[in-house]
Amino acid sequence: MTLPALSRFTDALPRTTTPLVRRLAIASLVSQIAIVVTGGAVRLTASGLGCPEWPRCTPESIVTTPEMGFHGVIEFGNRLLTFVLVIIAVAMIVSVLGLRRERKDLFRLSVGLFLGIPAQAVIGGITVWTGLNPWVVGLHFIVSMILVALATVLVDRARLSTEQYRLHRAPAAPPLLRQLLVTSTVLTSVAVVLGVIVTGSGPHAGDQGAARNGLDSDLMTRLHALPVYLLVATVALAVVVAYRAQVEGKLRRALLLLAAVVLAQGAIGYTQHFLHLPVVLVALHMLGASLLMSAAIHAHYTGTTRRTLPGSTAPSRLPQAVA
């Protein structure tokens with residue numbers, strides 16, 4: 001495509017967010033969470049080395065071969081999902097190309113998500129080359145959490161028209177609640193990192209011969225539980241403060257969603273520990289980690305940013321009857 005043709009193409013693109021932009025933003029978030037789940041399936045079915053080479057599946061073949069069986073299909077299927085992410089990421093960039101001056105935030109977030117895909121592919125290749133080194137596997141997961149966080153912000157920002165984006169509203173949360181939201185995001189991040197270390201010390205290595213990190217699993221589990229306890233208390237306090245301060249409905253809903261995900265994730269975590277890490281519950285816990293990160297970032301964004309949709313406030317308290 002020549003430069004004049006490219007210029008005409010970009011000039012024809014919309015100058016504000018459209019339903020397509022919002023749907024692609026949601027697809028970006030869903031696909032980032034989906035690849036975490038399929039990556040978990042690779043590890044939990046011991047298919048981490050189902051394709052023992054990278055970027056090829058075997059030295060002779062790009063795709064899996066019948067001799068590689070079930071494990072090869074699982075691992076190669078996870079690799080194929082990367083192409084779905086690429087398609088969504090490219091479509092997302094194109095959809096906001098006409099907004100690259102008015103909405104630099106959407107364009108930069110879209111490019112960031114796109115660049116995260118080859119970065120993850122390289123880390124995945126290093127994971128294979130190192131025989132599923134638990135620290136590299138952990139880095140793979142942490143980068144996925146960062147991409148989930150970016151995709152969540154993209155969804156929130158895509159809901160704003162260009163005009164709404166230019167308006168700087170006061171944050172929806174009062175100062176104390178903003179501090180609690182920041183604390184909940186930090187505690188969520190710490191819990192996720194410690195959870196990765198716990199996983200690296202546990203039994204689900206992704207392959208029968210893969211090494212573990214050598215740390216005491218019970219001790220790391222107890223350390224992992226500490227920020228979870230603090231997160232539960234912080235979110236509970238945040239909900240109370242939100243209702244007492246009668247914050248906007250959108251923030252109350254974001255906090256209630258975060259509280260529900262925290263409680264569900266905590267329940268799954270404790271249950272899987274006492275049942276000695278059944279595969280189904282571990283998979284649900286990985287999905288829960290993605291949802292928790294997304295919910296924490298969404299609540300943080302909703303309460304602390306100056307660029308949000310206007311929201312309704314909580315109904316005023318009824319006046320007390322005069323004695």
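The legends below describe close-up views of a predicted model.

View 1. Helix 9 (249-274) and helix 10 each supply at least two residues of the lining. Helix 9 has the largest share, four residues.

**View 2. One cavity of 30 Å³ or more turns up in a search of the whole structure.** The volume of this largest cavity is about 50 Å³. Ser 28, Ser 31, Gln 32, Leu 85, Ile 88, Ala 89, Leu 113 and Ile 117 line the cavity. Two or more of the lining residues come from each of helix 2 (19-44), helix 3 (69-95) and helix 4 (104-129). By type, the lining holds five nonpolar residues, three polar and no charged.

**View 3. The largest nonpolar core has 30 residues.** Those with the most contacts inside the core are Met 92, Phe 141, Met 145, Leu 154 and Met 293. Helix 2, helix 4, helix 5 (134-158), helix 7 (175-201) and helix 10 (279-304) each give two or more residues to this core. Helix 5 gives the most, with 11 residues. Apart from this core lies another, of 24 residues, which include Leu 231, Val 239, Ala 259 and Val 262.

**View 4. Phe 141 is one of the residues with the most contacts inside the largest nonpolar core.** Neighbours within four places in sequence are left aside in this view, and Phe 141 is then in contact with Val 36, Val 192, Val 196, Met 286 and Ala 289.

**View 5. Ser 110, a residue of helix 4, touches residues elsewhere in the sequence.** The relative accessibility of Ser 110 is 1%, so Ser 110 counts as buried, the cut-off being under 20%. Not counting residues up to four places away in sequence, Ser 110 touches Met 92, Ile 93, Val 96 and Leu 154. Two of these, Met 92 and Leu 154, are also listed among the residues with the most contacts inside the largest nonpolar core.

**View 6. Gln 120 also has its place in helix 4.** Gln 120 is buried because its relative accessible area is 10%, and buried means under 20%. His 140 is 20 residues away from Gln 120 along the chain, and the C-alpha atoms of the two are separated by 6.6 Å. Gln 120 touches His 140 as well as Val 143, Ser 144 and Leu 147, when residues up to four places away in sequence are not counted.

**View 7. The structure holds one disulfide.** The disulfide is formed by Cys 51 and Cys 57, with 1.9 Å between their sulfur atoms. The link of Cys 51 and Cys 57 is left-handed, with -75° about the S-S bond. Both Cys 51 and Cys 57 are buried.

Key. Residues numbered from 1 in each chain as written. Predicted model: local features only at pLDDT ≥ 70, side-chain atom pairs only at ≥ 80, totals over all residues. Heavy atoms only, no water. Disulfide = S-S within 2.5 Å. Buried < 20%, exposed > 50% of the residue type's maximum accessible area, 1.4 Å probe, protein only. 1 Å grid on protein atoms, 1.4 Å probe; cavity = no way out; pocket = protein on both sides within 12 Å on 5 of 7 lines; lining within 4 Å. Points joined across faces, edges and corners; volume = space filled by probe spheres on them. Nonpolar A, V, L, I, M, F, W, Y, C, P; charged D, E, K, R; others polar. Core = buried A, V, L, I, M, F, W, Y, C linked by side-chain atoms within 4.5 Å. Contact = heavy atoms within 4.5 Å.
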